[in-house]
Amino acid sequence: RSQKFCAFYSVSFPKGMPEDVIYKCWNSWLTNLRKTYGLKDYVWVAEYQQNGTLHYHMLCNVRMEIKRVNRAMGVCLFHQGYLKSEITKYNGVDVQKVHGSRENLNAYLTKYVSKQESYIYKHSPWRCSQSVSALFTSSLINEKTSLQLVQDLAKHTTQIYENDFA
């Protein structure tokens, strides 16, 4: 279903905004994009900026008017009390067309999805649409490799995660 077009959106939020409120705005914004632009195929990743505020990166194959996309997020922030006025002046959403090979794109996505951070997220640090999730493939490994994996995993300590995404 790809349109031979790929865009990378970065979405920033006001400094110090709580993760729960950001996540609520993010979900509201995505719902708006699904309704307005028919957004179906995407992958997003959350990460903390150096200032300690969460922001998002999203890769999708839908052309969206940047002013309308910014306004949609501005409305979300306004309703949460983080934008006092001038919704149309919010400019926290940036878009870049993705150039390069498929390998470069894969490497970039892998970098963000597997990034090791010291932050503990209250919500999922990345997700993809159902259509992208359906592309999941698996590979078979032989018995020798399987035994090696079991031995390697046994060397690591067990850690309990309380998040629904871990």
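What span should the 12 residues of helix α5 have, and how far apart are its end C-alpha atoms? Helix α5 covers residues 143-154. At 1.5 Å a residue it should span 16 Å, and its end C-alpha atoms are 17 Å apart, which agrees. The expected span is 1.5 Å times one less than the number of residues. Helices here are DSSP runs (H or I, at least four residues), as are strands (E, at least two), numbered from the N terminus.

The model is predicted: local features need pLDDT of at least 70, side-chain atom pairs count only at pLDDT 80 or more, and totals for chains, interfaces and linings use all residues. Residues are numbered from 1 along each chain as its sequence is written, and side-chain values use heavy atoms, with hydrogens and water left out.

The largest nonpolar core holds 36 residues. Such a core is a set of buried Ala, Val, Leu, Ile, Met, Phe, Trp, Tyr and Cys residues joined through side-chain atoms within 4.5 Å. Buried means under 20% relative accessible area, exposed over 50%, and partly exposed in between (1.4 Å probe, protein chains only). Trp29, Met58 and Met73 touch the most other members. Two or more residues come from each of β1 (7-11), α1 (19-37), β2 (42-48), β3 (54-60) and α2 (66-79). The top contributor is α1, with 9 residues. Leaving aside residues up to four places away in sequence, Trp29 touches Val11, Met58, Val69, Ala72, Met73, Cys76 and Val93 (contact: heavy atoms within 4.5 Å).

The whole structure contains 5 aromatic pairs. Rings of Phe, Tyr and Trp (its six-membered ring) pair if their centres lie within 6.5 Å; planes under 30 degrees apart count as stacked, over 60 as edge-to-face and the rest as tilted. Phenylalanine 13 and tyrosine 56 pair edge-to-face, at 6.2 Å centre to centre and 80° between the planes. Phenylalanine 13 lies in the loop between β1 and α1 and tyrosine 56 in strand β3, so the pair ties together parts 43 residues apart in sequence. Tyrosine 56 is buried at 1% relative accessible area. Tryptophan 26 and tryptophan 44 are also edge-to-face, because their ring centres are 5.7 Å apart and their planes at 75°. This pair joins helix α1 to strand β2. Phe13, Trp26, Trp29, Trp44 and Tyr56 form one aromatic cluster.
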